[in-house]
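The sequence and the structure come first.

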Amino acid sequence: MTLIDTPGILSGSKQLERGYDFTKVISWFGERADLILILFDSHKLDISDEFKDAISGLKGQEEKCRFVLNKCDQINQQQLMRV
């Protein structure tokens with residue numbers, strides 16, 4: 001088993017400072033992975049453009065993807081339904 005942790009999802013102009021195409025890298029790893037875990041902070045209902053692009057980069061790999069809601073035990077049931 002190999003675990004690969006991305007350097008994080010950036011928002012705004014910070015995402016333009018990467019020296020590589022993050023979405024293409026995500027897509028490359030996604031094609032080779034058996035299982036893709038996408039961690040999502042349940043406290044933040046909005047996602048950055050780069051996070052949205054990264055998820056789009058996994059198109060065709062949906063059967064491998066599992067979304068993990070981090071910190072979901074810290075919100076109430078109504079907030080969880082919104083997420």
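A nonpolar core is here a set of buried Ala, Val, Leu, Ile, Met, Phe, Trp, Tyr and Cys residues that are joined through side-chain atoms within 4.5 Å. Buried, in turn, means a relative accessible area under 20%. The model examined is a predicted one.

**Overall layout**

The protein contains three helices and two strands. Read from the N terminus, the order of these elements is α-β-α-β-α. Of the 83 residues in the protein, 23% are buried. The accessible surface amounts to about 6,600 Å², and carbon and sulfur atoms account for 52% of that surface. Among contacts between residues at least 6 apart in sequence, 71% join residues at least 24 apart.

In soluble globular proteins, nonpolar side chains tend to be buried together. The largest nonpolar core of this model has ten residues: Phe22, Ile26, Ala33, Ile36, Ile38, Phe40, Phe51, Ala54, Leu58 and Cys65. At least two residues of this core come from each of helix H1 (22–32), strand S1 (36–41) and helix H2 (49–56). S1 gives the largest share, with three residues.

Cys65 is one of the core residues. Its relative accessible area is 15%, and it counts as buried because this value is under 20%. Apart from neighbours within four places in sequence, Cys65 is in contact with Ile36, Ile38 and Leu58. Another cysteine, Cys72, has a relative accessible area of 29% and is partly exposed. How many disulfides does the model hold? The count is zero, where a disulfide would require a pair of cysteine sulfur atoms within 2.5 Å.

An α-helix has 3.6 residues a turn, so residues three or four places apart point the same way. In H1 the buried residues are Phe22, Ile26 and Gly30. Viewed down the axis of H1, these residues fall within an arc of 70°, so they line one face of the helix. The buried residues of H1 pack against S1 and H2.

In H2 the buried residues are Glu50, Phe51 and Ala54. They cover an arc of only 100° around the axis, which puts them on the same side of H2. The partners against which the buried residues of H2 pack are H1 and S1.

**A buried glutamine in a loop**

Gln61 lies in the loop between H2 and strand S2 (65–70). Is Gln61 buried or exposed? With a relative accessible area of 13%, Gln61 is buried.

**Aromatic pairs**

There are two aromatic pairs in the structure. One of them, formed by Trp28 and Phe29, is edge-to-face, with 4.9 Å from centre to centre and 85° between the planes. Trp28 is partly exposed at 43% relative accessibility, and Phe29 is partly exposed at 35%.

**Asp41 and Lys71**

Asp41 is located in strand S1. Leaving out neighbours within four places in sequence, Asp41 is in contact with Asn70 and Lys71. Asp41 and Val83 are 42 residues apart in sequence, and their C-alpha atoms are 9.3 Å apart in space.

Lys71, one of the contacts of Asp41, is placed in the loop between S2 and helix H3 (77–82). Most residues other than glycine have a negative phi. Lys71 is not a glycine, yet its phi is positive, at about 65°. The relative accessible area of Lys71 is 35%, and the residue is partly exposed.

**Accessibility of selected residues**

The table collects values for residues discussed above.

| Residue | Relative accessible area | Class |
|---|---|---|
| Gln61 | 13% | buried |
| Cys65 | 15% | buried |
| Cys72 | 29% | partly exposed |
| Phe29 | 35% | partly exposed |
| Lys71 | 35% | partly exposed |
| Trp28 | 43% | partly exposed |

Terms used: Residues are numbered from 1 along each chain as its sequence is written. This is a predicted model: local features need pLDDT of at least 70, side-chain atom pairs count only at pLDDT 80 or more; totals for chains, interfaces and linings use all residues. Side-chain values use heavy atoms; hydrogens and water are left out. Buried means under 20% relative accessible area, exposed over 50%, partly exposed in between (1.4 Å probe, protein chains only). Helices (H or I, at least four residues) and strands (E, at least two) are DSSP runs, numbered from the N terminus. Contact means heavy atoms within 4.5 Å. Accessible areas come from the Shrake-Rupley method with a 1.4 Å probe; for residues, only the protein chains shown count as cover. Rings of Phe, Tyr and Trp (its six-membered ring) pair if their centres lie within 6.5 Å; planes under 30 degrees apart count as stacked, over 60 as edge-to-face and the rest as tilted. The arc is that of the directions from the helix axis to the C-beta atoms.
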